[in-house]
Amino acid sequence: MLTSESLARIDREIAKYPADQRQSAVMAALAIAQEQQGWLSSEAIESVANYLGMEPIAAYEVASFYNMYDLKPVGKYKVSVCTNLPCMLSGGVDAGDYLKKKLGIGYNETTPDGLITLKEGECMGACGDAPVMIVNNRRMCSWMQPEQIDKLLAELK
Amino acid sequence: MAILGALNPMLSVGLDGDNAWRLADYVKRGGYTALRRILEEKLPQGDVINEVKKSVLRGRGGAGFPTGLKWSFMPRSFPGDKYVVCNSDEGEPGTFKDRDILRYNPHSVIEGMAIAAYAMGAARGYNYIHGEVWEIYQRFEEALDEARAAGFLGSDLLGSGFNFDLFAHHGYGAYICGEETALLESIEGKKGQPRFKPPFPASFGLYGKPTTINNTETFASIPYIINLGGETYLEAGKANNGGTKLFSVSGHVNRPGNYEIPLGTPFATLLEMAGGMRGGRQLKACIPGGSSAPVVPAAAMMDCTMDYDSISKAGSMLGSGAVIVMDETTCMVKALERLSFFYYEESCGQCTPCREGTSWLYKVVHRIEHGKGRPDDLDLLSSVTTNIMGRTICALGDAASMPVQSFIKHFRDEFAYHIEHRKCLVPVDVQRAGSGFFTATV
């Protein structure tokens, strides 16, 4: 289920920890599995657990605790918008509303073509750049005024 | 974003955005000289810790605990494994300084951690980086590779016989992992649920071994303390509040961003550095230390200097140095509603008072904001907070309660107006003008 490329990346993570602490690599391994599959199916979680020699339920506990893991399929792009107070004071809520209107969906919904899932995120640690959003857990987008949001949407195809 | 301004800086000297973060740049700025001197002179561990004690460096993550004292708790002659861990899980709303330190000066953190490891006899360290700032995590891994290749990490550092290796571990979206024992659980590959203390991490930490956890900015300050000497560092700030500190200014100012200033600098100076109030409007209130710190009304805030003692006297906390500025367009009920939602979302669910209480806090503030408040709701909120505080394993429950208590204490009329009139004291169009899209005037 996990590709050899994913396994090689997971091995690099395992090497960061003492030899008897393979479980420490579970967060990174789940993130890698999610990158490979687009989301985390029960099968993916189980194969990570088996590879690390931990109980599948223990890996599932981790996957369901941290909110950047997606336990259900999401669109090709997941856009998370921060609306927490510091961002809210500089247009974070407006940025979310603008996206909802543009995409015709609400938070936790995916566009009918399966392209974009919209999420309301919590503090991303970049409040000075508000409004901020993250694409697919990887790319932080700063100062997202309507013009920048339009540009981002044009890019996500 | 960048570090936008500074007064007598240390951490941000010589930084040049994305152009000067590499090892060669850091060495040019005098980097790694502190570590080199310690290793070459084989400085006794106690001397290093004493220098940090003399600096009165206080933990920059939020609690403000004296760093040197924390280091002295480690059983440094204990022969087994020991760990140093850096807390870069920066997710306290309003805080974004560690991101800039790791982005523009990552080697200062690596050097600080290596010095800490030497002083406490640790051979291995981890830097736990907020999952949302992925590019920063990748950059830190690159910086680690550079340091390893140059002999500043690994075995037999600079031929001294001292071994220390350091690795980056990423979070994946859980505010609670900023709590140090939740962070350790998370590195161990578990849900990030805080542990009971005692035992404290200095005796039972990562993998059950003695461990010291400090914030990113705390570690980044260490090389400067060793180079300048503890006393000089202390004098850069004010008595009992050593050194300079990065403040993250967000909200209704013209230039949101990070500013490095000596502790003890007047709030008015910081506000001016951040470009003053947006649109020339009036300051209404300020949360001076991240979302968990009690809110301070404008007049009291303008009398504060930015240091642990002054902010504490004003009834709040310097916390992580996250200064959330709110002007007269802000509806305090709505502001509190958003914060309460955050704690409700982020409670780990382990302790009943916090799990249930944060849900109650959010639901009640939400109904007040939406015109469905009941006459006894303010008493109810107060009772929920007192039933959470002090009854949980970690401080998240207190962190959720303090905003509720302080918002109601200082802006009770606004909450009462909402309940009585089923609408906001601040007209909606005025609120919109304040919190709409905004372009910083850098």
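**Reading the helices of chain A**

Tutor: Let's start with a pair: helix α2 (residues 26-37) and helix α3 (residues 42-52) of chain A pack at an angle of about 140°, with their axes 10 Å apart. Before going on, note that this is a predicted model, where local features need pLDDT of at least 70, side-chain atom pairs count only at pLDDT 80 or more, and totals for chains, interfaces and linings use all residues. Residues are numbered from 1 along each chain as its sequence is written, chains are lettered from A and ligands numbered from 1 in the order in which they are written, and side-chain values use heavy atoms, with hydrogens and water left out.

Student: How are α2(A) and α3(A) oriented to each other?

Tutor: In general, two packed helices are described by the angle between their axes and the distance between the axes. Axes are lines fitted to C-alpha atoms, for helices over the stretch in contact, and angles run from 0 to 180 degrees between N-to-C directions. Under 35 degrees counts as roughly parallel, over 145 as roughly antiparallel, 65 to 115 as roughly perpendicular and the rest as oblique. α2(A) and α3(A) are therefore oblique.

Student: Which residues make the contact?

Tutor: Contact means heavy atoms within 4.5 Å. α2(A) brings Val26(A), Ala29(A), Leu30(A), Ala33(A) and Gln37(A), while α3(A) brings Ala44(A), Ile45(A), Val48(A) and Leu52(A).

Student: And what covers the buried residues of α4(A)?

Tutor: Buried means under 20% relative accessible area, exposed over 50%, partly exposed in between (1.4 Å probe, protein chains only). In helix α4 (residues 56-65) of chain A, the buried ones are Ala59(A), Val62(A), Ala63(A) and Phe65(A). Their cover includes α2 and α3 of chain A.

Student: How far does α6(A) reach from its first C-alpha to its last?

Tutor: The expected span of a helix is 1.5 Å times one less than its number of residues. Helix α6 (residues 92-103) of chain A has 12 residues and reaches 17 Å, close to the expected 16 Å. Its buried residues are Gly92(A), Asp94(A), Ala95(A), Gly96(A), Leu99(A) and Leu103(A). Among the elements covering them are β1 (77-82) of chain A and α19 (428-435) of chain B. After α6(A) comes Gly104(A), with a positive phi near 70°.

Student: How many helices and strands does chain A have?

Tutor: Helices (H or I, at least four residues) and strands (E, at least two) are DSSP runs, numbered from the N terminus. Chain A has seven helices and five strands, and buried residues make up 59% of its 157 residues.
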